[in-house]
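Please examine the structure shown here.

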Amino acid sequence: MGPHSIQEIEDPGSKVNLNIGSWPVVGTLKPGQNFEIYLGPSGLGVLYDAQRQPWFFIEKSEGTGGPSNCFVQANSSFVQPVQPQ
């Protein structure tokens, strides 16, 4: 996200270039590792990049050293929804 906050990125009037797929990788989720997405004001939790691809903003992930405050592609090949316990 560079110097931008999630609030600045999700602002419809923002001038942030949403080419998220070209942003640097900051971490890797392990297979089966749970994470929580930031739902934002709309409650949807999905942000679309400049190519209209859906992304989740990961607010936090389980485990020590898990990635947080980053994006993961919202693709069923990569992520699956789980019910809270």
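**Aromatic rings in a predicted model**

Q: Why is Phe57 called buried?
A: In this predicted model, Phe57 has 5% relative accessibility. Buried means under 20%, so Phe57 counts as buried.

Q: Why does Phe71 count as buried?
A: The relative accessibility of Phe71 is 14%. The limit for buried is under 20%, and Phe71 therefore counts as buried.

Q: How many aromatic pairs does the structure hold?
A: The structure holds three aromatic pairs. One of them joins Trp23 and Phe71, with 5.8 Å centre to centre and 70° between the planes.

Q: What makes the pair of Trp23 and Phe71 edge-to-face?
A: Centres must lie within 6.5 Å for a pair, and planes over 60 degrees apart count as edge-to-face. With 5.8 Å and 70°, Trp23 and Phe71 form an edge-to-face pair.

Q: Which parts of the chain does this pair link?
A: Trp23 lies in the loop between helix H1 (6-10) and strand S1 (35-37), and Phe71 in strand S4 (residues 70-73), 48 residues apart. Both Trp23 and Phe71 are buried.

Q: Why is the pair of Phe57 and Phe71 edge-to-face?
A: The ring centres of Phe57 and Phe71 are 5.2 Å apart and the planes are at 65°. Planes over 60 degrees apart count as edge-to-face, so this name applies to Phe57 and Phe71.

Q: What does the pair of Phe57 and Phe71 tie together?
A: Phe57 lies in strand S3 (residues 54-61) and Phe71 in strand S4, so the pair ties together parts 14 residues apart in sequence.

Notes. Residues are numbered from 1 along each chain as its sequence is written. This is a predicted model: local features need pLDDT of at least 70, side-chain atom pairs count only at pLDDT 80 or more; totals for chains, interfaces and linings use all residues. Side-chain values use heavy atoms; hydrogens and water are left out. Rings of Phe, Tyr and Trp (its six-membered ring) pair if their centres lie within 6.5 Å; planes under 30 degrees apart count as stacked, over 60 as edge-to-face and the rest as tilted. Helices (H or I, at least four residues) and strands (E, at least two) are DSSP runs, numbered from the N terminus. Buried means under 20% relative accessible area, exposed over 50%, partly exposed in between (1.4 Å probe, protein chains only).
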